[in-house]
Amino acid sequence: MTLVLKRQENIVSSLQFPQLSSRKAICFFSLRRANMEILAVLVGLFCVLQSNGIEVEALENGCQNFQSHTVMLQEQQSYRSSFHFQPPKNWLNDPNGPMWYKGVYHLFYQYNPYGALFGDVMIWAHSVSHDLINWIHLNHALCPTEPYDINSCWSGSATTLPGKGPVILYTGIDANHCQVQNMALPKNLSDPLLEEWIKFAQNPIMTPPDGVEGNNFRDPTTAWLSHDGKWSVIIGGWSNNQGMAILYRSEDFVNWTKNQDPLYSTERTGMWECPDFYPVSVNSTDGVDTSVLNEGVKHVMKAGFNSHDYYMIGTYVPEMEKYIPDNDFTGTSMDLRYDHGKFYASKTFFDSVKNRRILWGWVNESDSREDDMEKGWSGLQSIPRHIWLDRSGKQLVQWPIEEISKLHGKKVSLFHKKLDSGSIFEVQGITASQVNN
């Protein structure tokens, strides 16, 4: 089925979304072990049904069924986490396009369907949840199929267009191994699971501008609707020894024009990966939509470089299309970071149901490549965090989302117990397969 576009003033009225003519049903079960029962193993089992006598087969974008590969249970894969998000097997990295739609939370993520290491061909895998804790693994959302993404579908974001639903912007590695920006749309907006996605026929919609090399132009952010009614989005880049947030603007979400200057740039960092740009309330822990702009918000600019995620808090001046940080990046340990452990390529989204901004981050492995291949998987996502501006206005505050309490079991407290080095001490009164301290 072909995506139809009519040239009009605004994409809200110009995008036509084809409807799904047949339905697939998802059969799944989740196994959890708590107190010697099965704990937090979530396995999606897919059933192909027939509709009107026609068997539903592979996705139109060429993605294989997620469950076409052998899925091993947790007991068969060493050191798997029971609490953090993981696919059933293989390599995972950047969280992509997290969002809420029609009662369902969606998480897309970079995934290698063929092994436990980062691959030559990376895709967008897709999972859904009703509580951000228990997840159903769906068919892959985006796979390399076209000249503009034939060598991988890399990271990006989702933007919900008023009245028209979500749109994905993602980086494709094209036939020349150049990084270009592409768009994809849901095939059926009435499907809360958004199981199938259609790539825009006129991709790519953004290509590396003059002065930016083809391998330094990636990871589009969630777009925001600016004061003049135009959409804005930033792409991570590197040019003239500067890391930067390259700014593009559009009236219709289809035709994008590069702004003369970056929204922000600095000589004190490397290439900007997985940038994020969003407002935070000055006087509340509530989150706000990405397009909110008033005196009651500050703006966070986040960039990944030197294997860490750094952020600034500052003021967005839309009339000048400039970001003015309260404190500039210094390229030193003084810069603000989300996390000082394993945490990278993070992405936030506004949860309109509970009026909060939620932060996801990729937790990569410290194991060797050989260890990852032996255990059959690599990488997980952090526990999702509620994020807001500290009362001082100088830094962000993070806390695990309230739903994490579903994973809590019986609490046992111990006081004044001396633990000798190398000794073994049994905690009585509870049984567990994993314990977090």
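**View 1. Arginine 218 and its partner glutamate 273.** Let's start with arginine 218, which is buried in this predicted model, with a relative accessible area of 10%. Its partner in a salt bridge is glutamate 273, and the closest N and O atoms of the two are 2.8 Å apart. Arginine 218 belongs to strand E15 (residues 217–218) and glutamate 273 to strand E21 (residues 273–281), so the pair ties together parts that are 55 residues apart in sequence. Glutamate 273 counts as partly exposed, at 24% relative accessibility.

**View 2. Lysine 375 and its salt bridges with glutamate 365 and aspartate 367.** Take a look at lysine 375 in helix H2 (residues 369–375). Lysine 375 is buried, and its relative accessible area is 6%. With glutamate 365, lysine 375 forms a salt bridge of 3.4 Å, N to O. Glutamate 365 sits in the loop between strand E27 (356–363) and H2, 10 residues apart from lysine 375, and is buried as well. Aspartate 367 also forms a salt bridge with lysine 375, with the closest N and O atoms 2.5 Å apart. At 36% relative accessibility, aspartate 367 is partly exposed.

**View 3. A network of salt bridges.** Here you can find Asp351, Lys354, Arg356, Glu402 and Glu403 linked together by salt bridges. The structure as a whole holds 17 salt bridges.

**View 4. The protein chain around these close-ups.** The chain has two helices and 31 strands, and 54% of its 437 residues count as buried. Of the contacts between residues at least 6 apart in sequence, 56% join residues at least 24 apart.

Technical notes: Residues are numbered from 1 along each chain as its sequence is written. This is a predicted model: local features need pLDDT of at least 70, side-chain atom pairs count only at pLDDT 80 or more; totals for chains, interfaces and linings use all residues. Side-chain values use heavy atoms; hydrogens and water are left out. Helices (H or I, at least four residues) and strands (E, at least two) are DSSP runs, numbered from the N terminus. Buried means under 20% relative accessible area, exposed over 50%, partly exposed in between (1.4 Å probe, protein chains only). Contact means heavy atoms within 4.5 Å. A salt bridge is a side-chain nitrogen of Lys or Arg within 4 Å of a carboxyl oxygen of Asp or Glu.
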